[in-house]
Each structure stands twice: as structure tokens, then as C-alpha cells.
Number of protein chains: 2
Amino acid sequence: MADLAKFRALIDGVRIEDNAQIVKQKSRDFYWYSPVLKRQLDHVTADLIVTPRDEAEVIRILAAAYETGVPVTTRGTGTGNYGQAMPLSGGVVMALTELKQVGAIRPGSVTAGAGIVISELDAATRAHSGQELRLHPSTYRTATIGGFIAGGSGGVGSINWGGLRDLGNVIRARVVTCEASPRVLDITGDDLSKVMHAYGTNGVITEVEMPLTAAYDWIDVLVGFDDFMAAVRFGDELGNEDGILVKEIAPIAAPVPYDYFLRHQKFLRRDQSVVVVMVAPHAMGAFETFVARRKAEIVYRSDKATAEELKSLPPAYELAWNHTTLRGLRVDPSITYLQVLYPFPTHVESVERMVGLLGDEVPAHCEFVRFDGRVTCFGLPIVRYTSEPRLDEIMRLHEANGCPIFNPHRYTLEEGGMKQSDPIQLAFKREADPKGLLNPGKMIAWEDPDFDFSSGKLFLFPGLAAAAARA
Amino acid sequence: MADLAKFRALIDGVRIEDNAQIVKQKSRDFYWYSPVLKRQLDHVTADLIVTPRDEAEVIRILAAAYETGVPVTTRGTGTGNYGQAMPLSGGVVMALTELKQVGAIRPGSVTAGAGIVISELDAATRAHSGQELRLHPSTYRTATIGGFIAGGSGGVGSINWGGLRDLGNVIRARVVTCEASPRVLDITGDDLSKVMHAYGTNGVITEVEMPLTAAYDWIDVLVGFDDFMAAVRFGDELGNEDGILVKEIAPIAAPVPYDYFLRHQKFLRRDQSVVVVMVAPHAMGAFETFVARRKAEIVYRSDKATAEELKSLPPAYELAWNHTTLRGLRVDPSITYLQVLYPFPTHVESVERMVGLLGDEVPAHCEFVRFDGRVTCFGLPIVRYTSEPRLDEIMRLHEANGCPIFNPHRYTLEEGGMKQSDPIQLAFKREADPKGLLNPGKMIAWEDPDFDFSSGKLFLFPGLAAAAARA
């Protein structure tokens, strides 16, 4: 029913890529973090990649999709982990990487195209007025700002500012609908929840206005601990120090740092757990006092490293969040990971309980954040993977112990998130994508309104089977 | 025994004031907030005011004091509330208001003379690089930075950065000792606790290095509530919104706003409680969303006021902290106030309990802050004063209900604070002021090492009696 030839004709002049190898490569993200998603999505590919040069071309593409019934899956640079930007029904992948203009920079805010790489946006606001984004993923140097908003939740900086979806962490998103005459909507306030973390299923974000904060030349620090729980308590206490400005606090259990952080291995012992910290230069004195009070040991700090050393060492944020797992996968492709919330105020005890239950099968990795005003931690523990049933069992164990799982082994919005449909995002999809062409298969509420989240069953998108047949 | 004539000779060339009227005026602070301190301290005066031009003159003055036995009480502009800078033994008041040079301004920090007025320091760092101090008292436009550190605890900005004595909120203090050859010490890290909030009893702060944060043109907002507890809950929830950047959150119970905020009276009803908020311009959209969700009412916002209106309206921070009381005293000189901590996590319930117990005799005024990483509130309630015994009873009622009092009706460090001696500050006084000449009478641990804080007795400095006899 989708008429790809007509689609191509309608968007004549837009940059198209149809080399099968390149198309397949640009149809993937970091879904292979999950052995489950790797099995399910490995064959997924689009028919075409389109790369609009500006919003006018985005509008033409979406109008053509509406007219011809061709599905459109939007992506930035494909750094997501859940198949967010993978085209389950084939059709078109639209890469927004050319929408990278930087607009107005004001005290506390910047407007930019959705496709700009986050570190490039920061470079522009730093040069302009010593400002930087509040939050960024560990894929700072590769991910786009639009992809972060459409598929991310938080990251580096969340210890100060909470999550992306907290009020104030996105000021405005400009969204194009998929209709006969696509509308361009400037979305602010409560309405932002319609399109944030919706994987581009109900509109295409072309431009964003983001809050900024003061930029610093953050100092990377690794603090070593013989005992992982001492590292966790250190992280918790540091997160609660109101006057010490840090941007990242991640306790990571031995032997992960030594085994997987190969460039930093020379600073570590294999039985040493670490806390990865980013400290503002003017907070370094207070931080050292904090460390000395606890008789903790700084095993590495970037402000004392030589220029030669710095060339070979990745920045601290590329040891944290999903980069911890990425470094692990490079050493041992058999591992995978989880995403856990350890709720305040029992988060430290919860970490301890799960470490006690699972030991080195699930080496712990915590990320301290502000969550509804309180300092608590998420977990992105490594899992020494054996089978899907055991992975499910490990997740059940977490939930049975009061630690909610955000399942990174599911490609749908609901199963990876709150395990319930989001009526606001669904209602907006009815308005903005009446034919259901945007990123099909990711919003269960649209595909199967009667799906029973309590059934314990997986949602399997029919398009996946169709794509499998085509492959 | 003190040889004032010799002292004058030794400091020849330093600016001296000995006009009795001016000396008395410069020997006082805002002690008259308290009817208790007003009775005790009203007669207190120095013999001389000295105003050193630079640190070299401070050193000469302290050496001369050591040689002649003349007491030296250091002050900035005298905006404290507890007689901190009042010379209980007479002698010399040393005003540091000429030590107002601005030194290096870096990303995140500034060095300045202790005597610079806080708003002037902010003006310099704003003009230089769009930065401002993290914290300031409501006496922003009159208080000195050194006085704030020597006598203050926190204030506007504490909702983001906690208190002045939290690690990282002061980077360095340069201190001159009172010895035969005064030493100049650069104090950092843990050692800062020796001299912070020590009222200048154990050294004279001549220069400070302070952390900075991004400066914004803060928008003043008053949100109106029919019910005071709704105002408190609004403040608590706002303080826990990690993504909405505000600098001040103060719920104040009716009829205080209407009765005492005369310039803002036209925006208010007498039965209306308010929350005073300072919002960053780029957070205003998120703040409005937050307000709309709660169906709360913005009764005033400075960004919609005319230039004409703005001329006649004080800034929001001059409605908050000790300025709330100050405005009350201008209307009704018979009132006074308290300083209360409502500990997390039962702070909202504690406020409600005290309001229930004390009603309009003690109209509530809360200040939300970060305290050890959690959002909680202090109280600076107005007290409709009747007698000292009733005031004591009101304080006892607070403490009996789990709300510690920082007694603003006492002139000693210990009785106004933790009701116990501070061995670190005492030990440093032995080193830095071996003759006990700096601000005599304020540190009980020095004056009467055997004083029993649990006795319930007041500490009465003998010098007060002597001064009373002289007066």
C-alpha cells in the first residue's frame, strides 16, 4: 500500500540514500546492548534514508509520507539503546543531522536545530557566553540534542537538575506533524510531555529551546574504595553536599573499573571500586576537604594529569551512564545491563540488598541524581548474561525488592518505561499522526489499544514479523 | 589597664573618629530587633572608631591593640541582628568598609576585600563575566561580604546552595591575628570553620575568596493564597522541582504581607498569605506551568510591572529573611521575631503544628533552603511581643515540638547558636587572640570556660555591667 516510488518523486531534491549497506547501517542504534533486542531487531532495515536540509524539507517529507503511506522513523545519530530509531515497518528513516543551526543564545537559554550534536551546541554557547547545557548523555560527543529529548531521560548533570522531563529542563520544542498539510507547533509548558521521550511517534522535533547553566572546565576524578558500599555512601553524602558543585557521581563496583576502563586501568587495582566524579574547578578545594574527612583516596584527577596522559584518557562522562556498559561490551560482548531506580530514602540499603543477592553476576553501577528534589540513585548494573529467563528473573528480583526496573530489553515506549499507556502521548498521536506512520510499532497504546500490560506477555509488533519475512 | 592614648599614638595616620555621637552610632547594629538585646545593649558604645585603609593598617591596629590592651570589635556596616559587632568592653570599633577592592574574577570565583558591600561585589562580577554570589542576606545593598561570613548563616540562594558554612560556599578567608606581630593567614578547607560565624572573636577577616554562579535578572513574584498551609506546601513542592531555577522561596502568613509590605499592599488582600519567589527569566515558563497546575494566583510579578511601578517597589529579597521583620518593625515597633528550624522530613507538619498552637500571636514566615541535601524550611516568624517570659515560653514550645530555636535574643555565639561551646573556634582564639582583645564577651567558652549551658541561666558578660556603669 505504501508507494515508495511516488514518495521519492514527491520529495525530489531532498537528499536520499538507498545503498542497502548504508541504509541498514543507518537503520540501527545501540540496540545490541541487549541480547534480547539483538535477536529481535537484528534484521530491521529501512528502504531509504532521507536527510532533510531544513524544516521546509521535513515538512515536504512528512506531507509525502502522509500522501503515500510510507512510514517515517526519525533519528539523530542513532545513539539510543532500545531500537528507538529503528524502522520496524521499513519505509523511510529520516536523519535530522543537517538541522544543526544555533539560534539565539541568551542568559540561561539557547535555541538550536534538533540535529546538532550536543558537544557542538555546548561549544557554541561556551564560546558565546560561558554557558553549557544542564544535562547530557554519556554520548555527549555523538548524540543530537533532539534525539536526547525524544529518547533520553537524563544523565550527566542530573545530580543537579533532575531528569529531562522535569519542568524547566526543556523550554520549547518545535514539532512538525504528519498530515496532508503538516503543521508546525511550538510546544511549551505542560504540553511538552506530549512529545518528550515519545521516540518521534507523534511528531518530529525540528528545533528546541534549552536552558543553560554556567560552563566550567570540569575536573574528572576517580576515587578508589576497597568496599563498594563505602563508595555508595561516599556518593550519597557527596550528592547531599549543597555547596560542592559536581556534575556527575557514579559509584561502580569492582572489578568493572579495572576490567573495562582499559585506559584508566593503570590507576586502579582489580579489587577496587571507584566513584567517578566531575568537579567544578572552584569546588576542588572543598571536594578535597570532603575526601580527606572520609580518608578516601583520589586515584586519578585530570587537573594533575599531563597533556600526554590526557590525550589517551577518555573524559569521565565516557566512563559513566551507558558508557560503562559500552566499555564492558568492548571487553566482553556477552554482558548486558539493567536500568533500576533505588527509591529515596532507602536507596543505599536497596543497593546493598541487591549486591548481596546478586553478587558478581550483576556488578553494581549507580548514578546519583536528584529525583523530585531528593538525592537518590539509579542503577545501570552490568549483567553477566546467561539466558533470557535468568535476565527476567534478575529483573523480577529487583522489583520484588522494591527497585523498579526500566527495562532496556524492550523496544516499545510502554514496556521500557512505566508499563502503562500514556494517554497524553496517545491523544497527541491521534492529532499529529492520524495515519500512524511515525515510527510504527513503538507505542503499544496505538498499535493495540487493548494490550494488557498486567498479562506478563511481550508486545510483538506485527511489522517485525513482516520485516523478518522481507529480510 | 587599656592605654587608649598610647594606642592612638601607635596608629598615627590611621583614620580615627572620636565624636561621641558618631562613635555611638557606629557601635550599634540591628540589635533592636530584639527587645531583650535592646534592653541589654542600648548603652553600649566604643571609645573610638578606626577605619583602616588597607590590610597593612589592620595589622598596625591589631599590633597596637595587643601592645596597649585596647579591645577591638570589628564590623562591616553593622547590619547584624544580635549585637555581633557591638563593643561590650568599649575600646575600639574597627570598620572594614574601606577594604573593598575586587581582585581576581575567575569562572566560578572572586577574591575581594572583606569590606565591600555585597551588591557592589555582584555588580563587579556581573559586569566582568555574568556571574554573581551564590548567597546573600536580605541586606544585599548594605551588608559587607566579610560581615556576612563572620556573622551570617545563609539567606537568598540557600534554596540552591545550602548555608554559608557548607563546604564550598566560602573558598578562602584571609585572617589577621591579634598578636605582638600579627600574622596573616590564608585559611581554606576545614580550617574555615575556625573563623566563620565567629563574630570576629578570633581573628579579623580582611579578604575572602567566594564561589560564584551564573547571574540572572531574577524576576520577583508574589503568589497569593487564601490558606497559609497551601502556601507552605506550594513552597515545599517548588523547592523540590529540580528543573525550575529559583533563588528564593518564602511563604509568609496573613496579615503580615498586607500589613507590613506597604509598597506591595495594593496587590494584596489582608487575609492573603503569600509566597515570595525569585525566578530566573528562563525558568518563568516552567514556573507558570507549576503555578497553573496548582491553580495558584500570581498577584505580582516584576517582569510585568511598569518602570514607574518598579521605582517604588523594593526587590523581593527585601521582603524576605530579616527584612520581613524589619518591615514589620517600621509599622509596629512592638513586634519581634524568632529563628526556627523545622527539620526535614516533617517540616511542613511542624509549621502547621506551631501555627495551630500560636496563631496570630506568632504569624508564620518560612524560608525554604537546602539543608544537608534536603529541602526543608527555616522560620523567622513574627512575634507579637508581650514579655520576656512569654517570649521564652514561645521558644520552649517550639523546642518541645521538635523545632530547634536559634535564639536571636542573645548576643553570644553559643546562646544564639548551638548552645554548646565550639572547641575549634576556642582553640583558634587561644592562638590568634591570646590576650582576648577581639570582640570581648561574645564567646562564652573563652570568658567562662565552666559555663553550664544546661543550667538554663543567661550568660551576662561582666563588661556589660562595666559599660553600663560608664554610661
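In chain A, residues Phe234, Glu237 and Leu238 of helix H8, written A:Phe234, A:Glu237 and A:Leu238, meet A:Phe287, A:Phe290 and A:Val291 of H10(A). By class, this contact of H8(A) with H10(A) comprises five nonpolar residues, no polar residue and one charged residue. The model is predicted. Helix H10 of chain A spans residues 284–293, and its axis comes within 12 Å of that of H8(A). The two axes cross at roughly 140°. Angles over 145 degrees count as roughly antiparallel. H8(A) and H10(A) are therefore oblique to each other. H8(A) passes H10(A) in a right-handed crossing.

Chain B contains a corresponding pair of helices, H8 (residues 228–239) and H10 (residues 284–293). Their axes come within 12 Å and cross at roughly 140°. H8(B) and H10(B) are therefore oblique to each other. Their crossing is right-handed. In H8(B), the contact involves B:Phe234, B:Glu237 and B:Leu238. These residues meet B:Phe287, B:Phe290 and B:Val291 in H10(B). The contact of H8(B) with H10(B) divides into five nonpolar residues, no polar residue and one charged residue.

In chain A, helix H8 (residues 228–239) also packs with helix H13 (residues 347–358). The axes of H8(A) and H13(A) come within 10 Å and cross at roughly 160°. That angle makes H8(A) roughly antiparallel to H13(A). H8(A) passes H13(A) in a right-handed crossing. From H8(A), the contact draws on A:Phe228, A:Met229, A:Val232, A:Arg233 and A:Asp236. H13(A) contributes A:His347, A:Val348, A:Val351, A:Glu352 and A:Val355. Six nonpolar residues, one polar residue and three charged residues make up the contact of H8(A) with H13(A).

Chain A also holds an open sheet of four strands. The strand order is E1-E2-E4-E3, and the pairing is mixed. Strands E1 (15–17) and E3 (72–75) of chain A stand at the edges. Each has a single partner strand, so one side of each is left without a neighbour in the sheet. The twist averages 25° from one strand to the next. E1(A) pairs with strand E2 (residues 48–51) of chain A in the antiparallel sense. Three bridges join E1(A) and E2(A). The bridge partner of A:Glu17 in E2(A) is A:Ile49. Helix H4 (residues 55–68) of chain A packs on the sheet. H4(A) touches E2, E3 and strand E4 (92–95) of chain A. The direction of H4(A) makes about 165° with that of E4(A).

Key
Residues are numbered from 1 along each chain as its sequence is written. Chains are lettered from A and ligands numbered from 1 in the order in which they are written. This is a predicted model: local features need pLDDT of at least 70, side-chain atom pairs count only at pLDDT 80 or more; totals for chains, interfaces and linings use all residues. Side-chain values use heavy atoms; hydrogens and water are left out. Two strands pair if DSSP finds at least two bridges between them. Helices (H or I, at least four residues) and strands (E, at least two) are DSSP runs, numbered from the N terminus. Axes are lines fitted to C-alpha atoms, for helices over the stretch in contact, and angles run from 0 to 180 degrees between N-to-C directions. Contact means heavy atoms within 4.5 Å. Angles under 35 degrees count as roughly parallel, over 145 as roughly antiparallel, 65 to 115 as roughly perpendicular and the rest as oblique. A crossing is left-handed if the near helix is turned anticlockwise from the far one by less than a right angle, and right-handed if clockwise. Ala, Val, Leu, Ile, Met, Phe, Trp, Tyr, Cys and Pro count as nonpolar, Asp, Glu, Lys and Arg as charged, and the others, Gly among them, as polar.
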